[in-house]
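Please read it alongside the sequence and the model.

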Amino acid sequence: MVFHNQRENYMSCKIKLVIAGLAVIMQAMALTAFAADTSIATLQMSGNVPTVFSVTVRGLPGDLDLTPGVIVNDRLLGIFHFEYNLDIASLAMTSTSATGTPMNGATAYPAGTAFSYKFSACQAVNATGEANFSIVASTSPALVPIAADQPSTLGYGIEEECNLTASWGGQTLVTGQIPLAGVYEQLLTLTMVSI
């Protein structure tokens with residue numbers, strides 16, 4: 001019987017030792033610092049600035065003065081409204097007239113001084129377009145702005161108005177001759193193309 005009690009004491013002691021060992025381990029774990037948990041959520045956001053690329057024109061009413069012998073300087077033809085936030089690849093003015101002069105059917109107006117056009121100072125048009133230029137073979141010179149005046153260089157888009165004017169001299173006067181009557185007209189188109 002004594003043997004049985006010793007065995008129970010031995011087992012009880014062993015269990016107590018295991019429990020004590022576990023208690024020491026638990027205390028050690030409680031004193032140990034663990035890394036903080038981390039949870040990350042991301043939300044990607046994006047948006048686009050809309051493309052703005054337009055040119056419109058409003059013309060000024062009234063006929064051109066085609067009186068023989070009369071010299072006309074910088075007659076305002078129209079006001080072009082430019083609005084764009086992309087670079088301009090090409091800008092040119094074309095005419096329904098091969099000579100860039102108003103026509104009466106197949107007959108060009110017999111100007112004493114050839115028609116020339118120009119824009120007021122504006123970023124949308126280069127220096128060639130701001131000086132007197134002619135429309136030859138139905139097309140003007142390239143009017144595209146220089147790189148320094150393009151949105152990609154400036155860092156912003158452009159909105160501005162530019163006046164288009166024309167100059168010409170009326171038909172040369174010839175003694176004893178009266179010019180033929182008729183309506184002279186042409187259609188000008190400004191085409192702007194982005195890069």
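Phe80, Tyr117, Phe119 and Phe133 are linked into a cluster by ring pairs, a pair being two rings of Phe, Tyr or Trp (its six-membered ring) whose centres lie within 6.5 Å. The model is a predicted one, in which local features need pLDDT of at least 70, side-chain atom pairs count only at pLDDT 80 or more, and totals for chains, interfaces and linings use all residues. Residues are numbered from 1 along each chain as its sequence is written, and side-chain values use heavy atoms, with hydrogens and water left out.

**Aromatic pairs**

- Across the whole structure, the search finds six aromatic pairs. Planes under 30 degrees apart count as stacked, those over 60 as edge-to-face and the rest as tilted.
- Phe80 and Phe119 form an edge-to-face pair, with 5.6 Å from centre to centre and 65 degrees between the planes. This pair links distant parts of the chain, since Phe80 is in strand E2 and Phe119 is in strand E6, 39 residues apart.
- Phe80 and Phe119 are both buried, where buried means under 20% relative accessible area, exposed over 50% and partly exposed in between (1.4 Å probe, protein chains only).
- The pair of Tyr117 and Phe133 is tilted, at 6.2 Å centre to centre and 40 degrees between the planes. Tyr117 belongs to strand E6 and Phe133 to the loop between E6 and H2, so this pair ties together parts that are 16 residues apart in sequence.
- Tyr117 is buried at 1% relative accessibility, and Phe133 is buried at 3%.

**Overall fold**

- The protein chain has two helices and eight strands. Helices (H or I, at least four residues) and strands (E, at least two) are DSSP runs, numbered from the N terminus.
- Along the sequence, the pattern of the protein chain reads α-β-β-β-β-β-β-α-β-β.
- The protein chain holds 195 residues, and 25% of them are buried.
- Of the contacts in the protein chain with a separation of 6 or more, 77% come from residues 24 or more positions apart; contact means heavy atoms within 4.5 Å.

**Salt bridges**

- Side chains of opposite charge can pair when their charged atoms come close. A salt bridge is counted when a side-chain nitrogen of Lys or Arg lies within 4 Å of a carboxyl oxygen of Asp or Glu, and by this rule there are two salt bridges.
- Arg58 is in strand E1 (residues 53–59) and Glu161 is in strand E7 (residues 158–169), so the pair ties together parts that are 103 residues apart in sequence.
- Arg58 is partly exposed at 44% relative accessibility, and Glu161 is partly exposed at 40%.
- Another salt bridge joins the side chains of Lys118 and Asp74, at 3.5 Å from N to O. Lys118 is in strand E6 (residues 113–119) and Asp74 is in strand E2 (residues 71–84), so the pair ties together parts that are 44 residues apart in sequence.
- Lys118 is partly exposed, with a relative accessible area of 23%, and Asp74 is partly exposed at 40%.

**Backbone angles**

- In strand E2, Asp74 has a phi near 55 degrees, a positive value in a residue other than glycine.
- Ala137 also has a positive phi in a residue other than glycine, near 50 degrees. Ala137 is found in the loop between E6 and helix H2 (151–154) and is exposed, with a relative accessible area of 58%.

**Largest pocket**

- The largest pocket contains about 530 Å³ of space. On a 1 Å grid over the protein atoms alone, a pocket is an open set of points where a 1.4 Å probe fits, with protein on both sides within 12 Å along at least five of seven lines.
- Grid points are joined across faces, edges and corners, and the volume is the space filled by probe spheres set on the points.
- The lining of the largest pocket comprises 22 residues, of which Leu64, Arg75, Leu77, Gln186 and Leu188 lie nearest its centre; lining residues have an atom within 4 Å of a point.
- E1, E2, E6 and E7 are the elements that give two or more residues to the lining of the largest pocket, and the largest share, four residues, comes from E2.
- The lining divides into 15 nonpolar, four polar and three charged residues. Ala, Val, Leu, Ile, Met, Phe, Trp, Tyr, Cys and Pro count as nonpolar, Asp, Glu, Lys and Arg as charged, and the others, Gly among them, as polar.
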